[in-house]
Amino acid sequence: MLNFCRGVETILWSCYLVKKMIITKQYRCIHSASCLCTKGHLTQEVIFLLFQHLNWNPKLIATLSSVCKWFDDLAKRVLWKEFCKTRAPKMMLDLETGGSHSVDGNWRALGKLLIYCSGCTKGGLFNSIHIPGHFVYRTRFSRTSGKSFLLPQCRTDVLYVSDPCEHLDQGEEGDVGFFRGVFKSFATSKVRKLLIKREAPLHPTEVCPYCKAKLWSMLQARLIPSSASCRLGAYEDCIEYYVCLNGHVLGICTLLPLSDSEEASELE
């Protein structure tokens, strides 16, 4: 109990220093007794228990990561993994079955994907409007919805896709929706094989906002089926999405008016 209390005190002090910008991230810090951001060693077990008590709060995990390299490494290996497993347990159990997320983009990238809508900037991936990225409280990801984003010959792949994050009244663009997702075992997926077979080019400048990997355009590769528009409640010719080398998906669509969306759902 004494070690736990000391651990709580050390974590809170470290987070306070970060918040006040008294220290910067120590990339070469090995968390020794001379470490500037803590007083002595702090065990992984104590930190685990503390963040378990805090229900794996993502803001506090991110704050802890910015203290030093030792904390950052611990967050990547342990804390973000536990956050993902708590936020979407069934989805994580399925993804782990293929062993993909021990290496594919790491747990921190997946945690960010669960709670962050990337938005878009003019001249960026979607090249039309500027909508800032933002964190969302909760988003539903569906494996069933993911099937609608795959061509018939690729529907043995497993893809989890979120409900669209709606940004309404965007001028001439109308109502815009952003969606994101993740493939299970993308390295062995049929979608990846098709992208390579069709010699789809990687985007020359933009990278995945979640893991910084290169991106393929599914629109350019002609791999977006019409069923995607029905699932999103969007205009068929106004959907675009990218998949990165680690299997993270991010896309944009122009949403139909509510009455038209209901008709699209009935057709589906």
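Let's start with a term: on a 1 Å grid over the protein atoms alone, a pocket is an open set of points with protein on both sides within 12 Å along at least five of seven lines, and its lining residues have an atom within 4 Å of a point. A volume here is the space filled by probe spheres set on the points, which are joined across faces, edges and corners.

This is a predicted model, where local features need pLDDT of at least 70, side-chain atom pairs count only at pLDDT 80 or more, and totals for chains, interfaces and linings use all residues. Residues are numbered from 1 along each chain as its sequence is written, and side-chain values use heavy atoms, with hydrogens and water left out.

Now, the largest pocket holds about 710 Å³ of space. It is lined by 25 residues, and Pro58, Lys59, Trp80, Ile115 and Phe135 are the closest to its centre. Which elements give two or more residues to this lining? They are α3 (58–65), α4 (69–87) and α6 (106–115), where helices are DSSP runs (H or I, at least four residues) numbered from the N terminus. The biggest contributor is α6, with 5 residues.

Let's look at two of those helices together. The axes of α4 and α6, lines fitted to C-alpha atoms over the stretch in contact, come within 8 Å and cross at roughly 40°. Angles run from 0 to 180 degrees between N-to-C directions; under 35 counts as roughly parallel, over 145 as roughly antiparallel, 65 to 115 as roughly perpendicular and the rest as oblique. So α4 and α6 are oblique to each other.

Conventions
1 Å grid on protein atoms, 1.4 Å probe; cavity = no way out; pocket = protein on both sides within 12 Å on 5 of 7 lines; lining within 4 Å.
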